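Here are my notes for you to read alongside the model. Please keep the sequence and the 3D view open while you go through the points.

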Amino acid sequence: MQLTEELIKKSLSRVQDPDIKRDLVSLGMIQSIHIEGKTVSFKVVLTTPACPLKEVIKNNCIEALEEDFGKDWKWDIFMTSQVTTVRDAAPILPEVKNIVAIASGKGGVGKSTTSVNLAVALAQLGAKVGLIDADISGPSIPTMFNVEGEQPAVKKVGEKNVIIPVTQYGVKMMSIGFLTPTDSAVVWRGPMASSALRQFISDVEWGELDYLLIDLPPGTSDIHLTMVQTVPVTGAVIVTTPQKVALADANKGLSMFRQPQINVPILGVIENMAYFTPEELPENKYYLFGKEGGRKLAEKYQVPFLGEVPIIQSIRESGDTGYPAVLKNGLTKEAYMNLAEEVARQIAIRNASIEKTEIVEIKA
């Protein structure tokens, strides 16, 4: 049989992306087909470097090809990735593919810890990642990255001063903590805090990013409205602990993004401090704050449940020392890497199935 590029694509058009539920050919994921002798090479361009189904897709391709052309051919498949986006010709952050809000509703649920480890995990998986610490009055990102003493550089671009973000563990970041003395309180009214966030978004040289995470303060405040009025947000991740008092506030945070005038897709819910496991008894689980509250919240709103993170002493120690828990081998690394894969997966699904988010216009 004379093998051609068209025949190969016809065969591979039967292979679906398990998440997006469309075939690889129509999604543009099959590229650079080359036939030489009895060897056929091509690329499968996945929608995220964090794709957990990489081997499944590769094996499905080989099965389809062998079914049509037999086993005499050698299939040289190179699995690569290109993060998808629905942002095009954006005037602000033009090189940023996805903007992700990390919200909670309630303080103290570990939202910043989750944001930090999620950002580092995505970077570990090969993505280009940025992180904005939008909690202007309580910035904690510099401490968690061990860069408290750092100050971002400033350069002139035309007539404008542009801030160079601080980079640590492969993540570009910006926080008011870099610009104010460590021990001083930031006592600002809403408009000043909102102005700072706008600067972090539009006056920082973020460059090319696959994901820009925005770690929001607790509640539903000026900061949240400023964010959705400044940039179209790809989606929001809700962080909660399992107990009723945290879920009540998480409900409000989730509902805010779902308001018709805001309409930001919910990527899913993360249940933090889901259970306690002592280091000396790794098989034991103690549900200190109740059980499966985050999962039930996700079911109530029919949004994805992204996963759970245990409460472990090493996570607290990692935050204090500025060396994120995801960089240490063990249970926490596995939990955060799984979360990163699931968040990246939900972003790819969202980009394939929902129109781009619009900037919010809220009239007083």
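1. The charged end of Lys-291 sits over the ring of Tyr-287, at 4.8 Å from its centre, and Lys-285 likewise lies over the face of Tyr-275, 4.5 Å from the ring centre. A charge counts as sitting over a ring if NZ of Lys or CZ of Arg is within 6 Å of the ring centre and within 35 degrees of the ring normal.

2. A word on the basis of these notes: this is a predicted model, in which local features need pLDDT of at least 70 and side-chain atom pairs count only at pLDDT 80 or more, while totals for chains, interfaces and linings use all residues. Residues are numbered from 1 along each chain as its sequence is written, and side-chain values use heavy atoms, with hydrogens and water left out.

3. Which residues do ring pairs link into a cluster? They are Phe-69, Trp-73 and Trp-75, and the structure holds 6 aromatic pairs, where rings of Phe, Tyr and Trp (its six-membered ring) pair if their centres lie within 6.5 Å.

4. An open sheet with mixed pairing is formed by 3 strands in the order β1-β2-β3, and its edge strands, β1 (30-36) and β3 (74-81), each pair on one side only. Strands are DSSP runs of E with at least two residues, and two of them pair if DSSP finds at least two bridges between them.

5. Strand β2 (residues 39-46) pairs with β3 in the parallel sense over 8 bridges, and Val-44 has Met-79 in β3 as its bridge partner.

Key. Helix = DSSP H or I, 4+ residues; strand = E, 2+ residues; numbered from the N terminus. Phe/Tyr/Trp six-rings, centres within 6.5 Å; stacked < 30°, edge-to-face > 60°.
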